[in-house]
Amino acid sequence: MGCSARYCLLALCMCLVAEYAIGVRVVPKRKKEALNSADDQSTSASWWQAGTASPFRDSASSSAFSSTHGLVQTHPSIGDNFGSFGSIGSTIGPSSNPFTRASGSGPLSGGVRNNPLPPLARSANGKNSLKHLDFTSSATAELRRNPALSAPDECARACRENEPPRICYYHFTLEMYTVLGAACQVCTPNATNVVWSHCQCVLADGVERGILTSNRMLPGPSIQVCENDKVVIDVENHMEGMEVTIHWHGIWQRGTQYYDGVPFVTQCPIQQGNTFRYQWQGNAGTHFWHAHTGLQKLDGLYGSIVVRQPPSKDPNSHLYDYDLTTHVMLISDWLHEDAAERYPGRLAVNTGQDPESVLINGKGQFRDPNTGFMTNTPLEVFTITPGRRYRFRMINAFASVCPAQVTFEGHNLTVIATDGEPVHPVQVNTIISFSGERYDFVIEANNIPGAYWIQVRGLGECGIKRAQQLGILRYARGPYQPSSPRPTYDVGVPQGVVMNPLDARCNAPRNDAICVSQLKNARNIDPAILQERPDVKIFLPFRFFVYRPEMLFQPNTYNRYLVAPSGDHVISLIDEISYMSPPAPLLSQYDDISPEQFCNGDNRPADCGQNCMCTHKVDIPLNAVVEIVLVDEVQIANLSHPFHLHGYAYNVIGIGRSPDQNVKKINLKHALDLDRRGLLERHLKQGDLPPAKDTIAVPNNGYVILRFRASNPGFWLFHCHFLFHIAIGMSLVLQVGTQGDIPPVPPNFPTCGDHLPQITLH
Ligand SMILES: CC(=O)NCCc1ccc(O)c(O)c1
């Protein structure tokens with residue numbers, strides 16, 4: 001097999017090793033070791049180890065990996081979490097970091113910085129922070145120019161009370177890029193740390209493909225700041241012929257509504273060659289960023305956001321010793337081709353939108369179902385020290401319809417927060433999550449020191465291709481390899497108690513599962529939320545509309561559609577409307593949009609048929625207590641749609657299915673009837689403490705009730721978070737408040753729109 005093989009199979013890896021061997025003059029005998037390690041490929045060490053005197057084994061002194069794999073922190077206190085960054089954890093005020101700051105001209109001193117900045121990814125001890133959370137920023141001119149700004153690795157710190165906030169600056173360069181591109185041949189294992197920390201090699205699951213990246217990383221750069229910090233991100237779009245916006249999922253954007261990153265709702269898309277500066281202040285929690293335009297998210301445009309708090313402000317801080325930058329766990333589904341290959345979708349080969357693979361922090365391996373060959377790329381490794389308790393921050397960045405099941409071999413998970421909001425701790429063994437959700441959990445290193453499998457399985461439609469990924473939970477100074485056999489899709493890590501069961505039987509406590517609606521909020525709840533009657537109550541049924549091909553392919557009509565795995569040609573409807581973007585952004589150019597563009601359930605355009613397409617907008621008075629009842633009329637087994645609201649966390653008041661055994665399928669009429677009879681489940685009693693979330697799956701053939709106080713004026717997208725369902729209109733906009741309530745956009749905010757002048761050629 002040659003190096004041009006599409007898959008980085010074992011043979012190809014040998015070939016890569018051979019190239020490395022030339023470059024680094026390693027004795028050929030090592031190649032054999034590469035072969036032998038083929039079955040032993042589960043740590044990043046073993047992959048790169050092949051053919052080198054592994055710099056990662058004795059990483060304590062030299063390796064860029066040391067802060068990830070080498071256990072650096074020794075004191076079980078939050079304040080030492082960032083020991084791996086050298087001075088960062090203890091730096092308050094002007095940085096003492098000689099590598100990133102000219103002395104005396106730190107970020108808060110206001111001094112003149114006359115030394116050029118060396119690489120940002122290095123800290124005082126000269127180590128890179130780590131690989132997948134590489135804080136490298138490709139263009140740092142702004143940082144050099146403006147001494148008030150802090151670099152990413154200065155902002156990723158332990159948060160203390162009374163510490164002055166920082167302004168954290170990031171620069172995202174968006175490009176078309178390649179998995180297993182030639183960069184993978186220049187980042188040689190024996191190169192210096194500097195070279196390695198800037199390595200632009202993207203491995204993913206070892207299968208070559210074109211992708212989209214931010215700063216040539218997958219996931220893209222991690223934003224890790226403290227509450228009250230200001231975050232500035234310059235997004236520079238160099239994707240050939242593509243426009244883009246970035247949404248900061250979970251960030252409420254109070255006061256900065258125009259930086260929410262929704263195309264034609266809060267801004268014009270950023271054109272190729274343009275840079276758009278986002279600026280916001282983050283609410284605490286585990287969040288993430290992703291492209292909100294087209295299908296770019298599925299091609300690689302996503303990354304984590306962590307907004308930390310001083311321990312005194314987290315009601316669950318006593319439950320963990322460490323909250324490390326390295327223990328962010330971003331899971332994503334992965335295709336081996338451009339997402340556009342699946343939209344509108346094919347009829348014969350790779351039908352539907354289901355992913356081939358799953359990644360953990362952009363890493364994994366892939367077994368080719370046809371040949372049985374497995375790629376040899378590194379798996380993600382999380383390192384822990386015996387006796388300590390660790391906060392993990394899990395982000396479900398899936399784009400497809402598959403729920404993801406995360407299980408850690410030999411370790412319980414204590415869930416302490418979801419979607420950034422703390423809950424009373426509950427202990428489970430496995431967590432099922434949907435696209436857009438986040439779950440924070442504590443793992444105690446209380447098992448026999450060793451290496452343990454982490455399994456992430458794609459459920460639902462992903463069961464067909466059996467898409468899964470493995471990672472490793474490793475005790476420091478212990479073995480790299482788990483002693484138990486690799487979990488397979490069918491014989492996996494035992495699941496035990498399930499967080500978020502797919503069957504959504506949530507009306508009574510059970511000992512095999514905990515529903516989201518059974519979690520209890522660990523923060524105070526606005527009492528008005530729990531009043532019997534909300535100010536506004538909105539029923540939103542949603543479903544697909546299935547086109548007959550004769551209707552869809554009528555000459556001179558061009559209706560959009562998605563070819564579902566079933567072969568059905570569908571669009572999405574919420575309250576019988578399929579959302580269409582207006583020609584200009586609602587927030588910044590409202591007056592450029594014809595009133596006829598808008599619609600909602602009470603105002604349907606006269607000629608709107610079964611496939612009614614318009615800009616679905618529901619108006620909500622500022623500060624109203626709003627209740628939304630989502631009703632699943634899709635009625636396809638195995639499919640539960642996660643709804644994400646921008647600008648807010650809502651309280652999940654109830655999750656359920658029809659209590660009427662004779663009702664096989666729920667629909668709007670039945671839900672209204674249940675509501676009249678008081679049979680919809682609402683947790684409004686004192687002490688019910690409904691949890692706060694911004695993304696919740698509506699159980700298949702069921703309903704979800706959520707409430708929020710509409711105190712954040714703006715135009716907020718509310719939508720199914722499945723990527724292909726956004727493309728076919730499963731969205732609407734909530735307009736909270738009037739134009740006058742919404743902050744005006746900054747000066748010179750970009751504009752866009754139709755150009756339809758009079759025809760002047762005679
Ligand atoms: C009868 C029908 O509505 N079929 C559509 C099923 C469907 C639609 C969209 C998807 O993403 C999906 O996975 C499955």
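Which residues are linked in a network of salt bridges?

**View 1. A network of charged side chains.** The answer is Arg308, Asp314, Asp323, Arg391, Arg393 and Asp440, which are linked in a network of salt bridges. Keep in mind that this is a predicted model. Salt bridges turn up elsewhere too, and the count for the model comes to 39.

**View 2. Arg209 meets Asp299.** Here Arg209 forms a salt bridge with Asp299, and their closest N and O atoms are 2.8 Å apart. The pair ties together distant parts of the chain, since the two residues are 90 residues apart. Arg209 belongs to strand β3 (residues 209-214), while Asp299 sits in the loop between β8 and β9 (302-308). Are these two residues buried or exposed? Both Arg209 and Asp299 are buried.

**View 3. Arg346 and Glu341, a pair that is partly exposed.** In this close-up, the side chains of Arg346 and Glu341 meet in a salt bridge, at 2.9 Å from N to O. Arg346 has a relative accessible area of 25%, so it counts as partly exposed. Glu341 is partly exposed as well, because its relative accessible area is 38%.

View 4. Asp688 forms a salt bridge with Lys685, with 3.7 Å between the closest N and O atoms. How do the two partners sit? Asp688 has a relative accessible area of 13%, so it is buried. Lys685, on the other hand, is exposed, because its relative accessible area is 57%.

View 5. Look for His249, which stands opposite Phe288 in β8.

**View 6. The largest nonpolar core.** This core has 92 residues, and those with the most contacts inside it are Met329, Phe408, Met499, Ile628 and Phe718. Which strand gives the most to this core? That's strand β23 (residues 536-547), with 5 residues. Apart from this core lies another one, of 40 residues, including Ile223, Met239, Leu717 and Val733.

**View 7. Around Phe408.** Let's stay with Phe408 and leave aside its neighbours within four places in sequence. Its contacts then include Met329, Phe392, Leu413, Phe441 and Ile443. Also among them are Asn429, Trp453, Ile454, Leu473 and Val493.

View 8. The protein chain has a mean pLDDT of 84, and 80% of its residues reach 70 or more. Over residues 1-132, though, pLDDT stays under 50, and the model has 297 contacts beyond four places in sequence for this stretch. Residues 190-195 also have a pLDDT below 50, and that stretch has 7 contacts in the model beyond near neighbours in sequence. As for the scores of the model, ipTM is 0.95 and pTM is 0.85.

How values were computed: Residues numbered from 1 in each chain as written. Heavy atoms only, no water. Pairing = 2+ DSSP bridges. Helix = DSSP H or I, 4+ residues; strand = E, 2+ residues; numbered from the N terminus. Core = buried A, V, L, I, M, F, W, Y, C linked by side-chain atoms within 4.5 Å. Buried < 20%, exposed > 50% of the residue type's maximum accessible area, 1.4 Å probe, protein only. Contact = heavy atoms within 4.5 Å. pLDDT = per-residue confidence, 0-100. Salt bridge = Lys/Arg side-chain N within 4 Å of Asp/Glu carboxyl O.
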